[in-house]
Amino acid sequence: MSVLTRDEAQTRASLLDVHRYTIDLDLTAGDEIFVSRTVIRFTARADADTFVELKPAELRKALLDGHALDLDTFEGNRLPLTGLAAGEHELLVDATMRYSRTGEGMHRFTDPTDGETYLYTQLFMDDVQRVFAAFDQPDLKAVFDLTVKAPDGWSVLANGITEHLGDGRWKAASTPLISTYLVAVAAGPWHSVRTEHRGLPFGIHCRRSLAPYLDTDADELFEITRQCYDRYHEKFAEPYPFDSYDQAFVPEFNAGAMENPGLVTFRDEFVYRSAVTDTERQTRAMVIAHEMAHMWFGDLVTLRWWDDIWLNESFAEYMGYQTLTEATRFTDTWTDFGVARKAWGYDADQRPSTHPVAPEAVEDTASALLNFDGISYAKGASALRQLVAWLGEKDFLAGINTHFARHRFANATLADFIDSLASATERDVHAWADAWLRTTGVDTLTPVVTATDDGTRTLTVEHNGSRPHRIAVGLYDLDVADESRHLVLRDRLDLDIPQGEPHPLGKRPALLLLNDGDLTYAKVRFDAESFETVTANLCGLPEPLTRAVVWNALRDAVRDGELPPAAYLQAARTHLPHESDLAVVQGVLAFATAQIAGRYVDPEGRAAALAALTSLCRDLIRRTEDGDNPGLRLVAVRHFIDVAAQPDTIAAWLADGTVPGGPELDPELRWRVLGRLAVLGATDEAAIAAELERDPSAAGQEGAARCRAALPDPEAKARAWEGMFGRDDLSNYLFIATAQGFWQPEQADLVRQYVPRYYADAVAVAARRGPAMADAAGRWAFPAHAVDEETLRLGEACLTDANPIPALRRNLVDQLDDLGRALRVRQG
């Protein structure tokens with residue numbers, strides 16, 4: 001298969017104007033294939049040769065202006081159009097296409113709960129070619145007319161309002177001009193809930209087996225959707241540009257969601273069938289807000305080529321968090337961003353695979369796919385938040401609205417975006433873009449407090465990096481009258497970095513915190529006295545976002561080898577029992593469990609780390625016995641299960657079906673307990689099969705796969721390995737679940753033989769099954785627990801000798817860099 005290069009796309013865009021696609025899909029041809037018939041009407045501006053793309057099971061017919069094309073010229077994924085004359089043309093392509101089980105193209109899923117089958121498309125980047133023939137690049141926008149033949153009893157969703165014509169045939173309303181990757185279809189016996197807002201049809205949809213759970217949350221989902229819709233109409237002069245707004249929660253979805261115009265698809269884990277925290281509900285709401293922002297930034301105005309993917313994702317990420325804060329009950333979303341998302345960006349930006357937020361050139365679609373990472377999302381959103389702090393929101397939104405007006409239903413570049421912003425401000429936005437969007441790496445800011453002759457203090461900020469920053473500096477004093485020794489904000493200074501003269505502080509504060517409020521993207525350090533204050537009084541800081549900044553600074557110090565992992569655990573043990581913000585609790589426990597206990601302490605220190613985390617979680621469980629904070633209790637129970645070194649307590653919970661004092665063990669908690677018991681060798685196949693009979697859902701199937709792979713038994717490990725790498729019949733989700741269970745620090749000796757096998761087998765499965773499974777193999781099946789020089793050596797040899805496909809190579813580069821970092825942390 002050939003990947004499309006930037007040069008090829010520019011050449012084709014200069015040649016063609018694509019007007020309309022008429023697509024007819026027949027989904028009644030069996031379980032393996034469907035029929036795809038496409039008519040493309042386009043204009044050639046000059047006599048030339050070009051090509052159309054598709055990835056068929058069988059190419060049956062192709063006619064150009066009524067004349068048959070030679071099908072023998074089709075190669076890989078390209079059908080040549082040679083001797084094309086200037087003028088109007090009509091291309092017909094008739095083919096059969098394969099259903100996918102990897103979340104790419106037209107994904108097919110049969111629900112194990114009731115046997116019902118569902119189909120949906122994910123056409124991002126170049127996967128439209130798996131569904132219909134296309135001139136597949138984002139700047140050849142067109143109108144799409146779609147008809148679908150579906151089995152009886154199914155409904156069909158699409159970008160526009162769909163109408164059932166009878167006899168299983170459905171027709172979607174014509175779209176406005178959109179890019180090929182944004183076309184969407186979802187077909188099956190959907191459970192649908194519908195309403196209307198400001199004259200626009202709204203719908204939410206899921207599998208029938210999830211209907212009770214969707215119905216429970218329908219009011220909340222619609223309320224968030226309405227609130228975001230109304231707030232965007234206050235911000236944006238351009239009205240919502242499509243004829244309806246459907247949100248479909250679909251199975252085995254690779255991303256969090258996809259911004260298809262008028263039909264947003266979400267992973268259906270967002271339809272909660274077990275208890276969740278309010279922070280998790282906030283995350284779901286943020287994804288709703290993020291995807292709706294794309295209707296303007298991404299769908300109405302679309303990038304010209306994939307080097308500007310940040311224009312889609314950074315904008316939607318920033319706008320999602322900001323709009324949720326302004327328009328909904330979730331008013332503290334930036335704390336969660338700081339804890340969960342920003343760390344993702346910091347980590348990605350310190351690896352060899354880092355890239356600018358806006359790269360100078362992305363050569364082809366395979367390279368572009370690698371840029372959907374913490375840089376394009378979290379770092380880019382952080383940069384925009386810093387830009388808003390620097391410009392002011394009024395000028396920022398004025399520039400955005402200029403951008404929409406100039407490029408509606410068309411394509412734009414970074415230069416276009418910056419020109420639009422520059423039209424609304426006197427500030428040098430072009431220089432800002434060069435400093436923030438064209439550079440890589442994370443700046444580090446360190447305070448230096450100096451005594452003056454009159455006994456006061458001044459602040460100078462050491463700046464390791466090149467970007468300008470506008471930050472707040474929090475000056476905190478201890479409330480000595482308060483026995484709990486809370487920290488009180490004395491003042492919050494606004495400071496521009498690089499700094500001019502030292503800033504006067506007056507009396508020395510107990511804590512001096514750079515980037516208080518988290519308005520910029522930079523690592524921060526503490527001076528010695530501030531670090532002592534943090535160590536003793538972190539939980540006494542008044543605002544959760546401030547505490548998040550401190551926890552991130554401690555996390556960065558551990559990763560950089562400046563703070564011993566044990567010191568972070570001690571800080572968590574001391575302060576987390578007093579923490580009220582769920583996002584902070586979840587973030588600290590996740591890092592302490594997965595990274596510190598899982599990788600940064602050596603095998604001999606793991607028992608002590610798990611014991612410390614067990615004690616911490618027990619304290620949180622005791623603190624919540626009165627039932628006042630069920631979310632915090634749920635977080636504590638989950639992590640108590642995950643770090644259990646002995647099976648007795650959690651086995652008793654499973655037997656009783658409840659944690660004493662609550663919560664009752666719902667399906668998610670039951671599988672979580674059983675998974676940990678499997679790791680500890682305290683359960684068996686019979687118990688897993690019994691639990692699967694109790695919960696035969698898709699999530700249950702994944703839970704069973706995870707548990708079976710986690711059993712400390714050579715035969716179980718061999719079966720799991722064969723499932724992942726020997727056969728190609730596991731769906732994307734079942735592959736991931738198996739990989740999650742397979743490697744366990746407690747079983748290092750048992751799985752040692754598989755570490756050298758991993759590299760060759762991962763390269764092979766990635767080559768056979770493509771980018772989505774390559775990502776799964778690199779992200780989830782990597783032996784992350786094996787923190788040693790031999791694993792690093794084997795991985796580096798694989799990169800040198802085995803030629804993994806780009807999606808796997810990128811993951812291996814990142815994993816090996818993280819492994820090297822863990823080795824350095826262990827070595828002190």
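Mentor: Let's start with sheets. Two strands pair if DSSP finds at least two bridges between them. Keep in mind that what you have above is a predicted model.

Trainee: Okay, so what is the strand order in the open sheet with mixed pairing?

Mentor: Its 4 strands run in the order β26-β23-β22-β28. At the edges sit β26 (503-506) and β28 (523-524), and each of these pairs on one side only.

Trainee: In which sense do β22 and β28 pair?

Mentor: Parallel. Strand β22 (residues 444-451) and β28 are joined over 2 bridges.

Trainee: Which strands make up the open sheet with antiparallel pairing?

Mentor: That one also has 4 strands, in the order β8-β9-β14-β11. Here the edge strands, pairing on one side only, are β8 (105-110) and β11 (155-158). On average, neighbouring strands in this sheet are turned by 10 degrees against each other, with direction ignored.

Trainee: Let's move to cores. How many residues does the largest nonpolar core have?

Mentor: It has 128 residues. Those with the most contacts inside it include Tyr21, Phe42, Phe132, Phe396 and Leu437. Take Phe132 and leave aside its neighbours within four places in sequence: among its contacts are Tyr21, Ile23, Met97, Leu123, Phe144 and Val183, and also Ser36, Thr38 and Glu53. Apart from that core lies another, of 124 residues, with Leu589, Leu674, Ala781 and Leu799 among them.

Trainee: Now a single residue. Is Asp373 buried or exposed?

Mentor: For that you need a cut-off: buried means under 20% relative accessible area. Asp373 has 6%, so this residue counts as buried. You'll find Asp373 in the loop between α6 (365-369) and α7 (375-391).

Trainee: What does the side chain of Asp373 join in a polar contact of 2.8 Å?

Mentor: The side chain of His355. A polar atom of the Asp373 side chain also lies 3.0 Å from the backbone nitrogen of Ile375. Beyond its neighbours within four places in sequence, Asp373 is in contact with Trp344, His355 and Arg810.

Trainee: Last topic: how many aromatic pairs does the structure hold?

Mentor: There are 50 of them. As a general idea, a pair of aromatic rings is described by the distance of the centres and the angle of the planes. Take Trp721 and Tyr754: the centres are 4.9 Å apart with 40 degrees between the planes, and the pair is called tilted. This pair links distant parts of the chain, with Trp721 in helix α21 (residues 714-726) and Tyr754 in helix α24 (residues 754-769), 33 residues apart. Trp721 is buried at 2% relative accessible area, and Tyr754 is buried too, at 5%.

Trainee: What kind of pair do Phe725 and Phe735 form?

Mentor: An edge-to-face one, 6.0 Å centre to centre and 90 degrees between the planes. Phe725 lies in helix α21 and Phe735 in helix α22 (residues 732-742), so the pair ties together parts that are 10 residues apart in sequence. Both Phe725 and Phe735 are buried.

Definitions and conventions:
Residues are numbered from 1 along each chain as its sequence is written. This is a predicted model: local features need pLDDT of at least 70, side-chain atom pairs count only at pLDDT 80 or more; totals for chains, interfaces and linings use all residues. Side-chain values use heavy atoms; hydrogens and water are left out. A nonpolar core is a set of buried Ala, Val, Leu, Ile, Met, Phe, Trp, Tyr and Cys residues joined through side-chain atoms within 4.5 Å. Buried means under 20% relative accessible area, exposed over 50%, partly exposed in between (1.4 Å probe, protein chains only). Contact means heavy atoms within 4.5 Å. Axes are lines fitted to C-alpha atoms, for helices over the stretch in contact, and angles run from 0 to 180 degrees between N-to-C directions. A polar contact is a pair of N or O atoms within 3.5 Å; within protein, one must be able to donate a hydrogen and the other to accept it, and residues adjacent in sequence count only if both atoms are side-chain atoms. Rings of Phe, Tyr and Trp (its six-membered ring) pair if their centres lie within 6.5 Å; planes under 30 degrees apart count as stacked, over 60 as edge-to-face and the rest as tilted.
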